[in-house]
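I record each look-up with the criterion used.

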Amino acid sequence: MASGTISSEKIDLLVHGPNKPIVDSGFSDQFVLHHFETTHDLERLTAEVAAKVRGMAVTYNTVRGDARTLARFPRLEIVSSFGVGYDHIDAAYARDHNIMVTNTPDVLTEEVADIAMGLLIATLREFIKADRYLRSGLWQTQQFPLSVGSLRDRKVGMIGMGRIGQAIARRLNASNVPVVYHSRKPADGVSYKHYPDLIEMAKAVDTLVVIVPGGTGTTKMVNADVMKALGPRGVIINVARGNVFEKEPNVPDELKAMQNVVLLPHIGSASVVTRNAMDQLVVDNLKAWFAGKPPLTPVAETPAKAR
Ligand code: 8YV
């Protein structure tokens, strides 16, 4: 990586994404912020400004740090990306061009785990249907039918046992729900049973919780064979990164028509407190780098070296 030298030289940053107060006000006047909201807006960037940019804050995954975008910045040293998933950044290109990439893990772990647990209970105990039932006035005349689903007779197979997976498993454990998991290799320090084979695990459980990174390695991982192995009582909770829906925000009509499916927009980390923490980490990674320190949360492709 090129070094973020400590000097009085102005440091030009490209802020790529919507206005965010924590990012916009997070830097001293040693930094010059160039703000471009959308990928389309970026077409207005002049070569003169592009030539000065040394750091980039990609503050929403609707804008991209693909190779074509990164190649426009000859002095680029670091891309600080918002979100734990970074499949919108070409990290391999960045690595090959000596550009550091950081993301915002940890600060959203518990928030996303809460959403997974909420979705699981809402699905099994039919919260959405019950809410509609109450609002429609039907409760005045008849009892809401017993839910067929319950956490009490479920066994969960986690697909993925990273940071968020472990936080979900902890919650299931506290709720007395048996947990096993599938991942490419066993996770360090985890005592739940590991299944190297996803189909084998699907046969052994009735509920899957999917929490894997996006990208080609995991696309369509939960295929028809996995669903068949899971069986007719099967419940799948998908809080995986990547596009939760294939072409979000467009959601297939077939899914929308299924009343036994709970559909949420991409809100895993979307609370004010957690999004603020993510914004702050975007800023702190850039500040650490340009203070000559290692970034706080580099991605695997561009590990931090002592600086
Ligand atoms: C995104 C997410 O940051 O962290 C992730 O990987 O998916 C979210 O928290 C959010 O969709 C905004 O880009």
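I took a cavity as a set of points, on a 1 Å grid over the protein atoms alone, where a 1.4 Å probe fits but cannot get out; the volume is the space filled by probe spheres set on the points, which are joined across faces, edges and corners. My search of the whole structure returned one cavity of 30 Å³ or more.

The model is predicted: local features need pLDDT of at least 70, side-chain atom pairs count only at pLDDT 80 or more, and totals for chains, interfaces and linings use all residues. Residues are numbered from 1 along each chain as its sequence is written, and side-chain values use heavy atoms, without hydrogens and water.

I listed the lining of the largest cavity (residues with an atom within 4 Å of a point) as Thr-39, Leu-42, Glu-43, Arg-68, Thr-69 and Arg-72.

I then turned to the domains, whose bounds come from an automatic or database assignment. Domain 1 covers 11-104 + 273-290 and domain 2 covers 109-257. Their contact (heavy atoms within 4.5 Å) takes eight residues from domain 1 and five from domain 2. I noted 33 Å between the domain centres, taken over C-alpha atoms.

For buried area, I used the accessible area (1.4 Å probe) that two parts lose on being put together, summed over both. The value between domain 1 and domain 2 is about 460 Å², with 43% from carbon and sulfur atoms. Val-84, Asp-87 and Thr-274 supply 66% of the area that domain 1 buries against domain 2.

Terms used
1 Å grid on protein atoms, 1.4 Å probe; cavity = no way out; pocket = protein on both sides within 12 Å on 5 of 7 lines; lining within 4 Å.
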